[in-house]
Amino acid sequence: MKIVFSGPGSAATGALVVGVLEDNTLTLSAKALDKKINGGLRRAFKTSRFKGKVGQSLTVVTPAGTRLDRLLIVGLGKAKDVDEQALCKLGGRIYAGLAASGSKTATILVDSLDGLTLKPDHMAAAIAEGALLRSYRFTKYQTKNEDDAKPTLTTMTIRCRGSAKAQAEFRARDKVVQGVFMTRDLVTEPPNVIYPDSLAKRCKALTKLGVKVEILGEAQMKRLGMGALLGVGQGSVRESKLVVMRWDGKRGAKAKADKPVCFVGKGITFDTGGISLKPSAGMEDMKYDMGGSAVVIGLMKALAGRKAKVNAVGVVALAENMPGPNAQRPSDVVTSMSGQTIEVLNTDAEGRLVLADALHYANTRFKPQFIVDLATLTGAIVVALGSEYAGLFSNNDKLSERLTDAGEEVGELLWRLPQGEVYDKMLKSDIADMKNISGGRGAGSITAAQFLGRFIGKTPWAHLDIAGVTWDKADTPLSPKGATAFGVRLLNRLVADHYEAK
Ligand code: BES
Ligand code: MN
Ligand code: ZN
């Protein structure tokens, strides 16, 4: 879909979209329109349950006295609640309401609202971002053309004052959306297409945006002593990979000496559980066990795409967790790159094993300002938080706060859970420095994070357990059902708010 910005002006064709505040208080555009169609809006309100609430909408088809296909009236809620996030979601809902309606073009009228500091150009850019995010589709394996949901809408025009500014703001947002789309593509691809080597090649493609990409194979990882990561992949015929992506966007004399920010992702391209095999029901979900790595890759694309003034490193640990004659066994002891030994009591707790080596490697090689890792790490986080919040675990209050705030700004919510000695001691092993599962039944997400913390030391670090938010079984305003790319917009915002040279 093409998105165009233009100034307020001449009569529209196709679909026309206007906003209405709660209790059906008309915005300026809505007022003008109502007059033009002889009070048609107010009459429509009287015979419907539409009250201008957030999420409500009302369609009037072929309104008399116009050349329009339809009018879409959308609820804005209370003026004081109209913020960037609300507008983004509104854009998503508008797209969803029109995509397959039959209209080919749509025009959205954006006014300034009384009592709001938000400028129309900023509002327009947020609406456009939301619409574009919601327009995502993955159709490459559908060879037959019998798709009712196929969008008819090809162009969305957003009319506001300051349309040139809106266009400029949208240009950067569009780059972030392209990162989101890359993440969604990678997560949606089936595991016979996306496996460590093919995923590494997708990373390599970021080279053309100026990202430096290094791919380490098993021989190199063996030399580095990455026994924890290699143990996970040894049951698979696919070779494990570790990919390092660097975006050096800071300029100036001291830029090189600046410590980078660092993101690490779990990339299990399929998680069968290994010898501790998962039950077959629902196992297909484990294609998205590389979701953390896909967020890191999409984030690097977003940062490079919008030429962010930051030095950022992305590290992804890619392996396939399979049973087989060479798979690791429950009770194997592996030695991680850090030198710490791990008793593998459950081969299905594999994410923490690959991250142990990836985190240690990233931390010792780059000495970053901070590390944020993302992983679909535990089923327990889905039990605790569902698909509304991701779990946040951290050794640093400031980083936690910044992450939580960035999440609120973009509508990707984080909930912090505790860490501490009481949990750490649950990882005590009889034979090695630690075991990869805790003894008891409780606190599964917390002990998993505690395990990761042992490979970090004092570097400010946060772990996001995204097992519940990576894949949505239902549509949401900003994402059709399926891969969400939760984390890309959040971490992009974190960087933009705090770590970018002005
Ligand atoms: N990849 C899974 C976690 C997961 C579950 C992700 C549901 C997405 C949706 C992870 O590798 C795993 O299997 N974790 C185990 C850990 C247990 C063996 C300690 C779990 O959560 O059951
Ligand atoms: Mn597992
Ligand atoms: Zn897993």
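Is glutamate 350 buried or exposed? Select this residue: glutamate 350 is buried, because its relative accessible area is 0% (buried means under 20%, exposed over 50%, partly exposed in between, with a 1.4 Å probe and protein chains only). This is a predicted model, in which local features need pLDDT of at least 70, side-chain atom pairs count only at pLDDT 80 or more, and totals for chains, interfaces and linings use all residues. Residues are numbered from 1 along each chain as its sequence is written, chains are lettered from A and ligands numbered from 1 in the order in which they are written, and side-chain values use heavy atoms, with hydrogens and water left out.

Next, select the manganese ion (ligand 2). Its protein donors are Asp271 (OD), Asp348 (O), Asp348 (OD) and Glu350 (OE), at 2.1 to 2.2 Å (donors are N, O and S atoms within 2.8 Å of the metal, or 3.2 Å for Na, K and Ca; water is not among the atoms, so sites may look incomplete). Along the chain, the donors follow the spacing D-x76-D-x1-E. Aspartate 348 counts as partly exposed because its relative accessibility is 22%.

Aspartate 271 bridges the zinc ion (ligand 3) and the manganese ion (ligand 2), and the two ions lie 3.1 Å apart.

Finally, display strand E10 (261-271), helix H11 (379-385), helix H14 (444-453) and strand E19 (471-472), each of which supplies at least two residues to the lining of the largest pocket (helices, H or I, of at least four residues and strands, E, of at least two are DSSP runs, numbered from the N terminus; on a 1 Å grid over the protein atoms alone, a pocket is an open set of points where a 1.4 Å probe fits, with protein on both sides within 12 Å along at least five of seven lines, and lining residues have an atom within 4 Å of a point). H11 gives the largest share, 3 residues.
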